[in-house]
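This report goes through a structure for a reader who has not seen it before. The sequence and the model are shown first, and the notes follow.

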Amino acid sequence: MSSDDGDVENQVELEEKGRLVTQVLELQHTLEDLSARVDGVKEENLKLKSENQVLGQYIENLMSASSVFQTTDVKGKRK
């Protein structure tokens, strides 16, 4: 094996290491992006849950104030 063969092998190893480092960095960036997206979705979910609770309470209040949704006493009206 000549020194040229060793140089070529070293060059191939360095290129492969470089490709692997690049891949790892790309995957890290992808993970960071996905993590940020998940955090954003969690925040939006909490906001929507809160809004739904407010709307649910509002609807409940409207229904309790409306005579259309009041319960009727069926037994008391019959004779």
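## The salt bridge

The model is predicted. R19 and E16 lie three residues apart in helix α1, so about one helical turn separates them. Their side chains meet in a salt bridge, with a distance of 2.7 Å from N to O. The structure holds one salt bridge.

Side chains of opposite charge can pair when their charged atoms come close.

## The negative patch

Which residues form the negative surface patch? The patch is made up of D4, D5, D7, E9 and E13.

One of these residues, D7, is placed in helix α1, which covers residues 3-65. With a relative accessible area of 49%, D7 is partly exposed.

## The annotated region

The UniProt record, an unreviewed entry, carries the annotation "coiled-coil region" for residues 24-51. In the model, this span is 100% helix and 0% strand. The C-alpha atoms at the ends of residues 24-51 are 41 Å apart.

Methods. Residues are numbered from 1 along each chain as its sequence is written. This is a predicted model: local features need pLDDT of at least 70, side-chain atom pairs count only at pLDDT 80 or more; totals for chains, interfaces and linings use all residues. Side-chain values use heavy atoms; hydrogens and water are left out. Patches are made of residues with over 30% relative accessible area and no salt bridge: like charges are joined within 9 Å, nonpolar side chains (Val, Leu, Ile, Met, Phe, Trp, Tyr) within 5 Å. Accessible areas come from the Shrake-Rupley method with a 1.4 Å probe; for residues, only the protein chains shown count as cover. A salt bridge is a side-chain nitrogen of Lys or Arg within 4 Å of a carboxyl oxygen of Asp or Glu. Lys and Arg count as positive and Asp and Glu as negative; His and the chain ends are not counted. The place of a charge is taken as NZ of Lys, CZ of Arg, CG of Asp or CD of Glu. Helices (H or I, at least four residues) and strands (E, at least two) are DSSP runs, numbered from the N terminus. Buried means under 20% relative accessible area, exposed over 50%, partly exposed in between (1.4 Å probe, protein chains only). UniProt positions are given in the numbering used here, feature names are shortened, and annotations may be inferred rather than shown by experiment.
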